[in-house]
Amino acid sequence: MLKTPISIVINTYNAGEQIVPTLESVKDFDEVVVCDMESTDDTVKIAQQYGCRVVTFPKGNHNICEPARDFAIHSARNEWVLVVDADEVVTLPLKDYLQEILQSSSLKDAYFVPRKNMFLGEFVKASFPDYQLRFLRHKKAVWPPTIHSLPMIDGEIGYLPKRVDIALVHSGLTVSGELKKLDVYSQNDLIKRKKDKVGLFELMLSPAYRFFRYYILHGACFQGKRGFIKACFSSHMKFYYLAKVYERQLKREGVKL
């Protein structure tokens, strides 16, 4: 079967401690582009050792990778791009399945890919399939520079099957990493969502419902201590975001903080 070339695009910033498994998993693709945001560790050196093509996006004041996504995908030389994070692994079944898609008579312009999230060494089933819009024709895509944004596709979008074997494998964060994410992500959500006010009942009930949904409805309760901890992080993310909304509300009301 004649294979269609695929470019792997990886956005990085100080990813030296985690990127080797990622690069090992994609080294047989036709091209690997590492878009680095001026790392101060050995990320670029490692990428070059693996034969990656490294392009640079100025970090500035950015603390998320989305501002560099559009530049990254359009740095690829091949039409089709698979966007991979520096802590994700591409399995051989996924690589083979992407080639099957590219030979299909009903080929779309972009695809959501399932993601298998790991936490403390175990697959977090409660979050599966966690679809990510990552496989696309880069000339048909524009990626907005906001947190958790999806690429805007000029064309049809499809979904890969909900199968664990063809999912991107996300190594996940440590507990310390999750704690850092709470502040960064809640701050970016604050900027993105423009919510003006929050009441006491929302502060109490919304995080509680988030915990209930993740722990009970999504089944994290079947994964012991790991599931409980992840449900707590999900709840805390909502709480920190709402607390920051209230802080902003007070500032707008002229309260000196």
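This is a predicted model: local features need pLDDT of at least 70, side-chain atom pairs count only at pLDDT 80 or more; totals for chains, interfaces and linings use all residues.
Strand β6 spans residues 110-113, and both of its faces are covered. Ala110 and Phe112 are buried on one side, while Tyr111 and Val113 are buried on the other.

Two strands pair with β6. Strand β9, residues 132-137, pairs with β6 in the antiparallel sense over 4 bridges, and tyrosine 111 stands opposite phenylalanine 135 of β9. Strand β12, residues 157-159, pairs with β6 in the parallel sense over 3 bridges. Here the bridge partner of alanine 110 is isoleucine 157 in β12.

## Aspartate 109

Aspartate 109 is found in the loop between α4 (92-102) and β6. The relative accessibility of aspartate 109 is 13%, and the residue therefore counts as buried, the cut-off being under 20%.

The side chain of aspartate 109 makes a polar contact with the side chain of arginine 137, at 3.0 Å. When residues up to four places away in sequence are not counted, aspartate 109 touches Trp80, Leu136, Arg137, Lys140, Ile153, Asp154, Gly155 and Glu156.

## The open sheet and strand β7

An open sheet is formed by 4 strands in the order β5-β13-β7-β8, with mixed pairing. Strands β5 (88-89) and β8 stand at the edges and have a single partner strand each, so one side of each lacks a neighbour in the sheet. Within this sheet, β7 and strand β13 (residues 168-170) pair in the parallel sense over 3 bridges. Asparagine 117 has histidine 170 of β13 as its bridge partner.

## Arginine 115

Arginine 115 belongs to strand β7, which covers residues 115-119. Its relative accessible area is 11%, so arginine 115 is buried. The side chain of arginine 115 makes a polar contact with the side chain of asparagine 117, at 3.3 Å.

Neighbours within four places in sequence aside, arginine 115 is in contact with Asp85, Glu88, Phe128, Pro129, Asp130, Gln132, Arg134, Ala167, Leu168 and His170. One of these contacts, His170, is also the bridge partner of asparagine 117.

## The cavity

How many cavities of 30 Å³ or more does a search of the whole structure find? The search finds 1. About 50 Å³ of space lies in the largest cavity.

The lining of the largest cavity is made up of Phe119, Glu122, Phe123, Val124, Gln223, Arg226, Gly227 and Lys230. By class, these residues divide into 3 nonpolar, 2 polar and 3 charged. Strand β8 (122-123) and helix α7 (224-252) each supply at least two residues of this lining. The most is given by α7, with 3 residues.

## The second largest pocket

The second largest pocket holds about 150 Å³ of space. Its lining consists of Glu17, Gln18, Pro21, Thr22, Asp87, Glu88, Val89, Met118, Val169 and Ser171. These comprise 4 nonpolar, 3 polar and 3 charged residues.

Helix α1 (19-26) and strand β5 each supply at least two residues of the lining of this pocket. Glu88, one of the lining residues, is also among the contacts of arginine 115.

Methods:
Residues are numbered from 1 along each chain as its sequence is written. Side-chain values use heavy atoms; hydrogens and water are left out. On a 1 Å grid over the protein atoms alone, a cavity is a set of points where a 1.4 Å probe fits but cannot get out, and a pocket is an open set with protein on both sides within 12 Å along at least five of seven lines; lining residues have an atom within 4 Å of a point. Grid points are joined across faces, edges and corners, and a volume is the space filled by probe spheres set on the points. Ala, Val, Leu, Ile, Met, Phe, Trp, Tyr, Cys and Pro count as nonpolar, Asp, Glu, Lys and Arg as charged, and the others, Gly among them, as polar. Buried means under 20% relative accessible area, exposed over 50%, partly exposed in between (1.4 Å probe, protein chains only). A polar contact is a pair of N or O atoms within 3.5 Å; within protein, one must be able to donate a hydrogen and the other to accept it, and residues adjacent in sequence count only if both atoms are side-chain atoms. Contact means heavy atoms within 4.5 Å. Two strands pair if DSSP finds at least two bridges between them.
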